[in-house]
Amino acid sequence: MLSDPFNLILLLTAAFAAGALNAVAGGGSFLTLPALVFTGMPPVTANATGTVALLPGYVSGAFGFREDVEAPPGLSLRTLTALSLIGGAIGATLLLLTDNRTFGKIVPWLLLVATILFAVSPMLLSKVKQNQGGHASARKSAVGLLAVTIYGGYFNGGLGILLLALFGLLGQTNLNAMNGIKNVVSALLTAIAVAIYAWGGVVAWPQALVMMTAATAGGYFGARIARRIPAPVLRAGIVSTGLIMTTLFFLRG
């Protein structure tokens, strides 16, 4: 696959752009998964490989917010870590149990949901920040986090928005702390998911390593130019990309 110059350029470009998008707003999965599928990779392998490629971004994001990390009410950092690993492992295992034909039918709907989540995220997060209605119980907090991390282990798209919304609903109000713990949870569940993908033999390592390098470079440059791009323009571009990719996957059947 990498011997084809067109495929190589496509994967490098998609990974670079995905890293840049994740650095400034999120939405990188809208590019990595379709790019890998369009080069002929089976959907399950494409999903796993794209997740591997974006893992360094989650790790660096968690490190960058290390001083702001604070567990949401009802959860200790130890419990949060355990739930993130368990949820990520369950989601990754479910992916391994899903055949390519079935996952191929699910992907358009997953992309559509992720796109809608991203499109409405300003309104959603605005309501979340205004939430001053007390704290959820420890049981509800644990169940909510486990559900979101299972989703993240299975399909990464829209994960950040879901986590921020969840933490707000649980009673967390400090946005820096919410972003910090969001990056920690994302890194943890993605790391265990990648380990399970690797054990299951569904990662295309040559493509993953090439895309990982491009995504890391994209993350650096994306962060550098973030201030020059008006937020509404950037958001509109990501939503448009998500809708285009969703439409193409639906047309593929």
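Helices α7 and α8 are oblique to each other, because their packing angle is about 130 degrees. This is a predicted model, so please keep that in mind throughout. α7 covers residues 159–169, and α8 covers residues 175–200. Their axes lie 10 Å apart. The crossing of α7 over α8 is right-handed.

Who makes the contact? From α7, we have L159, G160, L163, L164, F167 and G168. From α8, we have M178, N179, I181, K182, V185, S186 and L189. By type, that contact has eight nonpolar residues, four polar and one charged.

Now, α7 on its own. How many residues of α7 are buried? Eight of the eleven, so α7 is largely enclosed by the rest of the structure. The buried ones are L159, I161, L163, L164, A165, L166, F167 and G168. After the helix comes G171, with a positive phi near 110 degrees.

Take L163 from that list. Leaving out residues up to four places away in sequence, L163 touches L145, V148, K182, V185 and S186.

That brings us to the core. In general, nonpolar side chains tend to be buried together in soluble globular proteins. Here, the largest nonpolar core has 66 residues. Which residues have the most contacts inside it? They are F103, L145, F155, L163, F167, V185 and Y197. Which helix gives the most to this core? That is α8, with ten residues.

Next slide: S84. S84 sits in helix α4, residues 77–96. Is S84 buried or exposed? Buried, because its relative accessibility is 0%. Its partners, again skipping residues up to four places away in sequence, are T149, V185, L188, L189 and I192. Note V185 in that list. V185 is also among the α8 residues that contact α7, and L163 touches V185 as well.

Last pair: α2 and α3. α2 is residues 29–38, and α3 is residues 43–64. They pack at about 135 degrees, with axes 8 Å apart. That angle makes α2 oblique to α3. The crossing is right-handed.

On the α2 side, the contact uses S29, T32, L33, L36 and V37. On the α3 side, P43, A46, N47, T49, G50 and L54.

To recap the two pairs. α7 and α8 have a right-handed crossing, and α2 and α3 have a right-handed crossing. Happy to take questions.

Note on methods. Residues are numbered from 1 along each chain as its sequence is written. This is a predicted model: local features need pLDDT of at least 70, side-chain atom pairs count only at pLDDT 80 or more; totals for chains, interfaces and linings use all residues. Side-chain values use heavy atoms; hydrogens and water are left out. Axes are lines fitted to C-alpha atoms, for helices over the stretch in contact, and angles run from 0 to 180 degrees between N-to-C directions. Helices (H or I, at least four residues) and strands (E, at least two) are DSSP runs, numbered from the N terminus. Angles under 35 degrees count as roughly parallel, over 145 as roughly antiparallel, 65 to 115 as roughly perpendicular and the rest as oblique. A crossing is left-handed if the near helix is turned anticlockwise from the far one by less than a right angle, and right-handed if clockwise. Contact means heavy atoms within 4.5 Å. Ala, Val, Leu, Ile, Met, Phe, Trp, Tyr, Cys and Pro count as nonpolar, Asp, Glu, Lys and Arg as charged, and the others, Gly among them, as polar. Buried means under 20% relative accessible area, exposed over 50%, partly exposed in between (1.4 Å probe, protein chains only). A nonpolar core is a set of buried Ala, Val, Leu, Ile, Met, Phe, Trp, Tyr and Cys residues joined through side-chain atoms within 4.5 Å.
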